[in-house]
Amino acid sequence: MKRVVQYLATLVLALGLGMAQDVRQTTLIYGGDWSDLITLDPQVSYEFSGGLITDNLYETLVKFEGTDLSNLKPGLAESWKVERGANAWTITFNLRKGVKFSSGNELTAKDVVYTFERALALKGPGSFLFTDIAALQPGATKAVSDYVVQVSLPKTSSPSTFLSILTFNIGGIVDSAEVQKNAKGNDYGKEWLTDHSAGSGPFRLVRWDRGSQVLLEANPNARNKPKLQRIIMREIKEATVLRTALESGEIDIAEGLTPEAVKALSGNPRFKILRADSLRLNYLGMNVKEGSPFANLKVREAVRYAINQDELVNGLVQGNGTKIQTIIPKGLLGYNPATPYKFDPARAKKLLAEAGYPNGLEFELLVSTGICGGGVPCADIAAKLQSDFAKAGLKANVKAIANAEVLRTYRAQNHQMVLAGWSPDFPDPDGNATPMADFAAKSLAWRNVWNNPTASKLANQASLETDPNKRAALYKLLTELVLREGPYAILYQPAVPIGMSAQVQGFVRSAIGTVRFENISKGQP
């Protein structure tokens with residue numbers, strides 16, 4: 001351990017003073033706001049940064065490649081077969097032979113079984129993907145042989161959805177022997193995997209300095225050999241610092257640049273600009289629990305009329321986002337382009353008066369201190385909303401805290417209004433519909449204490465419907481219901497502005513935020 005710490009100290013020092021050229025050319029420094037990082041345990045992590053990193057530490061049975069989110073490709077499973085029985089679906093996975101974890105242990109069917117059972121037992125923030133959406137039960141995953149795994153799902157589940165879920169980090173296969181060796185009691189190694197790794201991915205975790213950086217190194221046992229030796233995820237929350245770090249060469253990639261920075265760097269041959277597609281939605285969540293002013297439908301409607309969405313998207317975000325008011329993002333089946341709410345402060349005031357607030361309403365708006373979708377500081381978006389709200393008699397007291405704390409508060413249902421972002425965990429409309437409409441899923445509808453049986457029923461029906469036309473019709477009903485009655489005010493669907501050194505080659509970011517680090521290389525300076 002001392003050698004590792006000493007090596008890291010030398011590396012970090014070298015980064016500040018100008019490391020040796022050969023080392024620098026095999027190191028990628030990726031800057032961004034990673035302040036939502038809570039854990040690097042693949043079965044527990046449910047945050048953007050955690051998913052980005054764990055996707056490079058662990059492999060999944062199936063995967064999507066590049067920007068193609070429609071066609072599943074083999075991962076750890078060379079092939080798979082779906083069969084429908086009288087009472088259940090059976091999915092049989094044929095595993096690759098000779099795959100090794102970073103520990104040197106061979107990956108076999110027992111590791112797959114352990115991983116899926118672990119995900120169910122830990123009951124992490126993303127466990128509902130297995131339990132509620134796929135209806136996966138303990139004991140339903142079995143090792144037929146060392147290299148064959150069978151999973152049984154109820155006939156009411158969608159095997160297609162389950163396969164898509166497996167591409168998310170909850171499906172990252174862990175080294176069962178290594179994890180159990182480091183387990184404490186019955187925690188399935190949860191504490192240890194918070195800041196250690198036990199995967200077969202192209203990289204392994206060396207160190208996580210909270211609030212500063214995460215260091216990954218090439219996994220010597222990886223079957224997909226990376227082109228670079230190490231990745232450093234440098235946490236930079238301030239937009240100006242992020243831009244300066246890129247321009248000075250301190251970092252190679254900057255995720256979350258402001259629109260102004262993108263414009264300034266676009267004409268410089270030293271850099272490349274990418275506006276990556278996104279399935280993310282930036283939105284306001286309103287807590288509608290009993291006694292809250294937002295429990296009143298008219299108050300929620302007033303909020304929607306009090307947002308100058310056109311100025312927000314075209315002005316502050318400078319076009320790095322799409323205007324949207326419904327809960328399924330553009331690019332997925334079920335997207336509803338309806339935008340009935342226009343900026344109308346007078347109408348908002350009238351609705352507030354009808355709701356019992358003739359003198360206006362004061363509340364707390366919880367926001368992150370980091371950067372929001374589209375590369376705009378969350379504080380700037382909050383200030384814009386605060387200004388718009390004031391014209392309609394809504395006084396928002398902005399409280400800015402670290403994103404990890406925002407998430408903890410939000411998940412505990414302790415907010416009044418929160419500025420948040422959401423991306424589906426798999427490229428299917430159910431990745432938004434169930435979390436945002438079904439209270440029983442204990443996700444976004446639950447966090448905002450919105451329990452609407454009709455919305456829940458529509459979300460469940462649509463998730464199981466196999467006919468695309470019928471499914472789209474169900475989502476139209478659902479999106480219109482949530483648009484009018486839900487606890488959300490959808491602000492925009494952001495693009496992700498990314499700046500990078502012209503040396504960086506092979507960088508591809510999918511619309512669900514995955515980046516395959518093993519495909520990235522650096523040319524000569």
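**Notes on the model**

1. In α4, the residues Ala109, Asp111, Val112, Val113, Tyr114, Thr115, Phe116, Arg118, Ala119, Leu120 and Leu122 are buried (under 20% relative accessible area with a 1.4 Å probe, protein chains only; helices are DSSP runs of H or I with at least four residues, numbered from the N terminus). Since eleven of its 14 residues are buried, α4 is largely enclosed by the rest of the structure.

2. This is a predicted model, in which local features need pLDDT of at least 70 and side-chain atom pairs count only at pLDDT 80 or more, while totals for chains, interfaces and linings use all residues. Residues are numbered from 1 along each chain as its sequence is written, and side-chain values use heavy atoms, with hydrogens and water left out.

3. The geometry of α4 (residues 109-122) agrees with expectation, because 14 residues at 1.5 Å a residue should span 20 Å and the end C-alpha atoms are 20 Å apart; the expected span is 1.5 Å times one less than the number of residues. Just after α4, Lys123 adopts a positive phi of about 55°.

4. The structure holds one disulfide (a pair of cysteine sulfur atoms within 2.5 Å), which joins Cys372 to Cys378 with an S to S distance of 2.1 Å. The link is right-handed, with 110° about the S-S bond, and both Cys372 and Cys378 are buried.

5. Arg300 belongs to helix α11 (residues 297-305), and a polar atom of the Arg300 side chain lies 3.3 Å from the backbone oxygen of Ala295.

Methods. Helices (H or I, at least four residues) and strands (E, at least two) are DSSP runs, numbered from the N terminus. Buried means under 20% relative accessible area, exposed over 50%, partly exposed in between (1.4 Å probe, protein chains only). A polar contact is a pair of N or O atoms within 3.5 Å; within protein, one must be able to donate a hydrogen and the other to accept it, and residues adjacent in sequence count only if both atoms are side-chain atoms.
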